[in-house]
Every structure is written in structure tokens, then in C-alpha cells.
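Q: Could you take me on a close look at one part of this model? I would enjoy a connected account.

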Amino acid sequence: MTTTASLLIQPLSKSHLRKNFDCTEAELNRYLQQTALQHQQKLISRTWVAVNPAEPAIILGFYTTTLAEVPPQNFNNNDAKRLPKNPLPVVRLSRLATDRQHQSKQIGQRLLIDAITKTARLLEEFSIVAMVVDAKNQSAAGYYQHFGFIPLQDDPLKLYLPAQTLLEVNESLS
């Protein structure tokens, strides 16, 4: 569980009111409401929710991570030339959303920082080459680029943050 200035980031559980969440994106709402907890229980993915400690059942935002592989040729040329030719392990930030009533309060940014921090800690024990994010549209891709994410070669809506950058960001937050 992560605590940041009256915001808790914790694993999704049955105690969270998933049906009340609305980020205005039907697909993201449906995932949180119907699928996220099942995937978490089956160890397919992990979903983290931001809540106010005073109202811990109400979800202000969430993100979901899983492990994946990416072919090295999908990374930019500078990164790809230093990597082996087989598919490479990554952490995929597959979803990130903030409830419409809490947008523009930097909750999404805090969730993203939490995901980067957790991924950097993973690097203490396991090897991955990057965190990959699936942006919903070009506007979302621009949001991630603001944080240093780089578009993959095969799809400009899939971006990555190299492992070394994850470590550097985590170090700067410490």
C-alpha cells in the first residue's frame, strides 16, 4: 500500500465500489467493474486503486499491470541495437484511468509514478527491459511522452520507458 498526501494506492479488493467508477471511457469502466478483480484473483494481472483514506471504498483512479514480451525491433534503433534478438520481458501498464469527478487533480500522475516505482523495485529481483504502456489515443500518448515514454516502432500508441530510466526516475523520487 502506498500513501501520498491523503491518497492511498492499494491493491483492488472486494471492498472497493467498482460499479460506481466512471472515467467516461466505457471499455475502462467495464474492465474495472467486471474483469479486474477476476484477473487479479487468477494472477493474470494486478490492479491498484487510488482511494481517499476517509472513504476507502470509493475508487478515485486505478491502474493495471501485467508482464509481457516485446520483440526487440519494436524499440527505437538506439535501444534495439543493444538488445538480444529474442522477445524481451517488459512490465505492461495496460490501463490507467481516473474517475471523471476526480480528473485534473493529478491522481493519474500519482498512479503513474506509483506504477514506475513498483516496476523499478521489481528490477531489484527480476530483469525487464522496459515498462510499456498502451495509450488509448494520441492525446493519451502525448501524456505519456511528457513523462519520457518513447513510442514503439510498430505502434505509436504503444510507448515504453527503458529500465534504466525507470531506475533513474525512482531514484529521483527517493
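Is His102 buried or exposed, and at what relative accessibility?

A: Happy to. This is a predicted model, in which local features need pLDDT of at least 70, side-chain atom pairs count only at pLDDT 80 or more, and totals for chains, interfaces and linings use all residues. Residues are numbered from 1 along each chain as its sequence is written, and side-chain values use heavy atoms, with hydrogens and water left out.

His102 counts as buried, because its relative accessibility is 18% (buried means under 20% relative accessible area, exposed over 50% and partly exposed in between, with a 1.4 Å probe and protein chains only). His102 sits in the loop between strand S5 (88-98) and H3; helices (H or I, at least four residues) and strands (E, at least two) are DSSP runs, numbered from the N terminus. Leaving aside residues up to four places away in sequence, His102 touches Leu60 and Ile107, where contact means heavy atoms within 4.5 Å.

The loop between S5 and H3 also holds Gln106. Gln106 is not a glycine, yet has a positive phi of about 65°. With a relative accessibility of 53%, Gln106 counts as exposed.

Next comes H3 itself, which covers residues 107-122. The helix has 16 residues and reaches 23 Å from its first C-alpha to its last, close to the 22 Å expected at 1.5 Å a residue (the expected span is 1.5 Å times one less than the number of residues). Buried residues of H3 include Ile107, Gly108, Leu111, Leu112 and Asp114, and Ile116, Thr117, Thr119 and Ala120 are also among them.

Now for a neighbour of this helix. The axes of H3 and helix H5 (residues 163-173) come within 9 Å and cross at roughly 110°; axes are lines fitted to C-alpha atoms, for helices over the stretch in contact, and angles run from 0 to 180 degrees between N-to-C directions. The two helices, H3 and H5, are therefore roughly perpendicular to each other, a term for angles of 65 to 115 degrees, while those under 35 count as roughly parallel, over 145 as roughly antiparallel and the rest as oblique. On the H3 side, the contact is made by Ile113, Ile116, Thr117, Thr119 and Ala120, and on the H5 side by Leu166, Leu167, Val169, Asn170 and Leu173. The residues of this contact between H3 and H5 divide into seven nonpolar, three polar and no charged (Ala, Val, Leu, Ile, Met, Phe, Trp, Tyr, Cys and Pro count as nonpolar, Asp, Glu, Lys and Arg as charged, and the others, Gly among them, as polar).
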